[in-house]
Amino acid sequence: MALRSVCAVALRAGTDVGVNNVRTFATTALLCRRTPPLGPMPNEELDVEKLESLEKYRSYNRYLKQAEEAKNKPAWWKTYRSYVEKADPEHGAERVDIGLPYCRPQRISEVRQRRQVIKENKKNVELERATRLRTFKIPLDKVQETWEKSSGPFHIMKLADHYGVFRDLFPMAYFLPQVSLHISYSQDSSGQVYYGNRLTPTEAASVPQIRFDAEEGSLWTLLLTSPDEHLQDNEAEYIHWLVGNIPGGAVHAGEELCHYLPPFPARGTGFHRYVYVLFKQERHINLQEDARPSPCHSLVDRTFKTLDFYRKHQDNITPAGLAFFQCQWDESVTNTFHNTLNMREPVFEFIRPPVYHPPQVKYPHGQPLRYLDRYRDGKEHTYGIY
């Protein structure tokens, strides 16, 4: 009887195991049928046992050449560049360099100079003592001078591209600003013009002090323009200052063709760019056709295009220096519109009126405890002061 029960249980277990195996096999077959076959593995055609017989890249240039050829092959999918080129055919076209020719110094001479400087610093006893006592101070003027002569022009060019200066002033062209412009609206560093820093129209209300390194007997043209300020034409600019035939670096000795006008960014239009462009002249130029009446308080007469000005005199002038800043509306802009330009001020934002308060009651009833704070004199809040 016991033997008969054990056989029955074993028979049932074998049947269940067979059924489960059949189910597992059917499920696996179904999954294999649904899953697509894998493609060839990378480098599957290589014979691992004969690696020495494979062709090797004996130089980096050969590898780079083949990588460039593979990159330039047309792809069947659409890239971001193809979408942009379809929307703007001029996108991706090569820009023209209209600046002064740049002669890059030899790398060997730069390395030799650095080694010479390091050797002299190691022999300097005072420098060693100041470094050991932690009293050594880095001369920032020399660092600034070295930066302006080495990598400064390339950094300024990248910043100008980032802010869209070349795109709006010289479409499809650019230049390397090799002449450093030092522009200051005040005696301290707060009014300095760099490359996209922010100044207020009040700080830029007067004529700045401009300094740049120039050879004796050279002639220059200085331009200050704003590509964002025009009230009617998006493609036009307003000229703020134009001085031509500047002898050497003396801006005050040049011909002022258009007197200085402070920035006047309209209220509600955000930050505006104000760009200084320095042109180097080949010879003395007659710029009386570009002169404005003095004083020039008409926005129609101050309508300007830098590209047209450059095309007109491109045989005699070459852009060499660049500096720009940003401005936003403040209270001095209202004064410029009303008193200087003699026109109503355009406003492009909603000016919220002051909060209305009913006339003060001598014996207020049912009013909050701070009822009298609404009618105190002065602009400062006096909540909680009694």
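Biologist: What is the volume of the second largest pocket?
Modeller: This is a predicted model, in which local features need pLDDT of at least 70 and side-chain atom pairs count only at pLDDT 80 or more, whereas totals for chains, interfaces and linings use all residues. Residues are numbered from 1 along each chain as its sequence is written, and side-chain values use heavy atoms, with hydrogens and water left out. A pocket is an open set of points on a 1 Å grid over the protein atoms alone, where a 1.4 Å probe fits and protein lies on both sides within 12 Å along at least five of seven lines. With volume taken as the space filled by probe spheres set on the points, joined across faces, edges and corners, the second largest pocket comes to about 570 Å³.

Biologist: Which helix supplies the largest share of the lining of the second largest pocket?
Modeller: The lining (residues with an atom within 4 Å of a point) holds 23 residues, and E148, K149, Q178, S180 and D213 lie nearest the centre. Among helices (DSSP runs of H or I, at least four residues, numbered from the N terminus), α6 and α7 (152-162) each give at least two residues to this lining. The largest share, 6 residues, comes from α6.

Biologist: How many residues in the lining of the largest pocket are charged?
Modeller: The largest pocket holds about 800 Å³ of space, and of the 20 residues lining it, E110, Q113, R114, T146 and S150 are the closest to its centre. Helix α4 (107-123) gives the largest share of this lining, 6 residues. Counting Asp, Glu, Lys and Arg as charged, Ala, Val, Leu, Ile, Met, Phe, Trp, Tyr, Cys and Pro as nonpolar, and the others, Gly among them, as polar, the lining has 8 nonpolar and 5 polar residues, while the number of charged ones is 7.

Biologist: How many residues apart are Y185 and F325?
Modeller: These two form an aromatic pair (ring centres of Phe, Tyr or Trp, the last by its six-membered ring, within 6.5 Å; planes under 30 degrees apart count as stacked, over 60 as edge-to-face and the rest as tilted), and theirs is edge-to-face, at 6.0 Å and 70 degrees. Both Y185 and F325 are buried, that is, under 20% relative accessible area with a 1.4 Å probe and protein chains only, where over 50% is exposed and in between is partly exposed. Y185 sits in the loop between β3 (182-184) and β4 (192-193), and F325 in β12 (residues 317-327), a strand (a DSSP run of E, at least two residues), so that the pair links distant parts of the chain. Their separation is 140 residues.

Biologist: Why does the pair of W241 and Y260 count as edge-to-face, and at what angle are the planes?
Modeller: W241 and Y260 are both buried, with W241 in strand β8 (residues 237-247) and Y260 in the loop between β9 (255-258) and β10 (272-281). The ring centres are 5.7 Å apart, and the pair is edge-to-face because the planes stand at 90 degrees.

Biologist: Is N245 buried or exposed?
Modeller: N245 also has its place in strand β8, where its phi is near 50 degrees, a positive value in a residue other than glycine. Most residues other than glycine have a negative phi. At 6% relative accessibility, N245 counts as buried.
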